[in-house]
Amino acid sequence: MRALSGDRSAAPLSCDRDVVVEAAGSGAHEPLHPDVILAFHELCLVSDDGEWFMGQLDADGSVTCWASYGSDLAQAIRCL
């Protein structure tokens, strides 16, 4: 993860936090139920049911995602 991203501070985060994804076009948020959260400074990759979502780590520790980046973790990391 660190080698692929080039981020030496990349680290897994606890999944015990609020994680949402913005619903396309509506501005509403839908909850995610992550099984993995990877932090890359303020950006995060969140795995939910085999799909990786890109998001940001908010000041309160929650994560707000904006899009799915598919099921390939390596590809999602390259999109950082």
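Tutor: Begin by placing a residue in its element: T64 lies in strand β7, which covers residues 63–68. Keep in mind that this is a predicted model.

Student: Does T64 count as buried or exposed?

Tutor: Burial is read from relative accessibility, with buried meaning under 20%. T64 counts as buried because its relative accessibility is 16%.

Student: Which residues is T64 in contact with, leaving aside neighbours within four places in sequence?

Tutor: With those neighbours set aside, T64 is in contact with V20, E22, H29, G55, Q56 and D58. For D58 there is also a polar contact: the side chains of T64 and D58 are joined at 2.7 Å.

Student: What is the strand order of the open sheet?

Tutor: The open sheet has seven strands, in the order β1-β4-β5-β6-β7-β2-β3, and the pairing is mixed. The edge strands are β1 (11–13) and β3 (29–31), each of which pairs on one side only. From one strand to the next, the twist averages 35 degrees.

Student: How should I think about side chains along a strand?

Tutor: In a regular strand, side chains alternate between the two faces of the sheet. As for burial here, β5 is mostly covered, with five of its six residues buried.

Student: In what sense do β5 and β6 pair, and over how many bridges?

Tutor: Strand β5 (residues 43–48) pairs with strand β6 (residues 51–57) in the antiparallel sense, over six bridges.

Student: How many bridges join β4 to β5?

Tutor: Strand β4 (residues 36–40) is joined to β5 by five bridges, and the two run antiparallel. A39 stands opposite C44 in β5.

Student: What lies between β4 and β5 in their hairpin?

Tutor: Two residues lie between β4 and β5, and H41 in the turn has a positive phi of about 55 degrees.

Key: Residues are numbered from 1 along each chain as its sequence is written. This is a predicted model: local features need pLDDT of at least 70, side-chain atom pairs count only at pLDDT 80 or more; totals for chains, interfaces and linings use all residues. Side-chain values use heavy atoms; hydrogens and water are left out. Helices (H or I, at least four residues) and strands (E, at least two) are DSSP runs, numbered from the N terminus. Buried means under 20% relative accessible area, exposed over 50%, partly exposed in between (1.4 Å probe, protein chains only). A polar contact is a pair of N or O atoms within 3.5 Å; within protein, one must be able to donate a hydrogen and the other to accept it, and residues adjacent in sequence count only if both atoms are side-chain atoms. Contact means heavy atoms within 4.5 Å. Two strands pair if DSSP finds at least two bridges between them. Axes are lines fitted to C-alpha atoms, for helices over the stretch in contact, and angles run from 0 to 180 degrees between N-to-C directions.
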